[in-house]
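Good morning, colleagues. Please take a moment with the sequence and the model before I turn to aromatic pairs and salt bridges.

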Amino acid sequence: MFKKSMELKSHQRLSGADRKKLKRTIKDRFPAASDPDMDSLLPPKVEITVDKFQNRVIVYGVEGGLPMFFDVDGRGTEVFPTVYALWKVPNLLPSFLLKGGEVSRYVIGGADLMFPGISIPPEGLPTFSAGEIWAVKVPGNPAPIAVGSTTMSSTEALKAGLRGKALKITHYYRDLLWESVEGHYVPNAGFLEDVVFEDPASSSLCQTSNSYDDDTANSSHNQWDGINDEEVRDSVDAGDDQSVPDAVKKTAEQEIMLSLANVKVTDNVSGDESIAEDQHPLSVEDMDMLLDKCLLQALHTTVKDLPMPGSTLW
């Protein structure tokens with residue numbers, strides 16, 4: 001659609017009546033858009049401009065800002081959001097996820113989206129009809145890179161063995177509509193000149209979160225962190241009583257005493273007597289905690305030589 005330059009026919013402001021008509025059209029075309037979304041895309045107190053081109057394409061934008069929507073035939077029946085609009089409201093449209101960032105080279109190079117380039121979720125191909133508007137995203141990046149209309153329904157796609165064209169691309173990142181903006185920009189560092197990859201910021205946040213969860217879950221195993229091999233050897237050579245650092249021993253003793261205080265000890269009963277009322281089932285987290293305490297107790301009372309082979313624990 002915007003692969004080649006187009007001759008501008010007219011540029012003007014949208015009247016109040018036409019503005020309301022445009023908002024109704026957009027709301028009907030994109031039911032997922034909430035009122036705050038609409039205000040973000042078409043701010044109430046900002047003028048809306050309309051650019052009409054010789055090939056009947058109409059582009060609606062915010063005055064002094066960015067193009068937000070375009071009408072491919074000028075009749076209001078095929079209105080699409082621009083990538084700038086999708087970057088403001090990423091979930092405005094359903095989206096196809098590419099199999100990888102490398103596939104984006106073809107999409108932002110002007111090619112239509114083919115089914116073999118789409119990552120099919122475990123639950124299967126989503127349901128859609130022919131002619132629906134969908135966006136295109138890259139794994140790990142929430143910002144869409146293109147928008148287009150489906151060429152067939154999901155039922156027809158499955159019958160075709162997921163072969164052929166899935167989406168006829170009408171607009172994409174780095175086409176002439178994107179470049180026409182004086183202050184054109186990219187939403188994150190994953191958008192490169194000829195390819196789009198995952199957003200490094202999102203990736204680092206996920207890694208930080210996962211690292212924090214792992215550290216919390218395995219905190220009892222990491223009490224030896226920061227103690228190098230030389231310090232351990234020095235402790236072992238100093239005598240049996242010094243085989244484990246005092247700080248670790250004291251921490252282990254405190255944790256063991258707290259664990260023992262929470263353990264119920266029942267009197268001996270015969271095999272015929274039920275003790276179900278005095279017991280309660282342990283969760284997986286409880287079992288992991290008790291195993292951690294057992295390991296610390298074993299290290300405190302029986303282990304004399306460090307470092308020790310992993311087979312000692314079996």
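Predicted model: local features only at pLDDT ≥ 70, side-chain atom pairs only at ≥ 80, totals over all residues.

Y185 has a relative accessibility of 30%, so this residue counts as partly exposed; buried means under 20% relative accessible area, exposed over 50%, and partly exposed in between, with a 1.4 Å probe and protein chains only. Y84, by contrast, counts as buried, at 1% relative accessibility.

Residues are numbered from 1 along each chain as its sequence is written, and side-chain values use heavy atoms, with hydrogens and water left out.

The structure holds 13 aromatic pairs. Rings of Phe, Tyr and Trp (for Trp, the six-membered ring) pair if their centres lie within 6.5 Å; planes under 30 degrees apart count as stacked, over 60 as edge-to-face, and the rest as tilted. One of these pairs is formed by Y84 and Y185, which is tilted, with 5.5 Å from centre to centre and 40° between the planes. Because Y84 lies in helix α3 (residues 83-88) and Y185 in the loop between α6 (176-179) and α7 (200-217), the pair ties together parts that are 101 residues apart in sequence. Helices here are DSSP runs of H or I with at least four residues, numbered from the N terminus.

The ring centres of W87 and F191 are 5.4 Å apart and the planes stand at 80°, so this pair is edge-to-face. W87 belongs to helix α3 and F191 to the loop between α6 and α7, 104 residues apart, so distant parts of the chain are linked here too. Both W87 and F191 are buried. Ring pairs join Y84, W87, Y173, W178, Y185 and F191 into a cluster.

I turn now to charged side chains. A salt bridge is a side-chain nitrogen of Lys or Arg within 4 Å of a carboxyl oxygen of Asp or Glu, and the count comes to 5.

Which residues does R105 bridge to? One partner is E102, with the closest N and O atoms 2.6 Å apart; another is D194, at 3.1 Å. Through shared partners, salt bridges join E102, R105 and D194 into one network. R105 is partly exposed at 34%, E102 at 44%.

Definitions and conventions:
Helix = DSSP H or I, 4+ residues; strand = E, 2+ residues; numbered from the N terminus.
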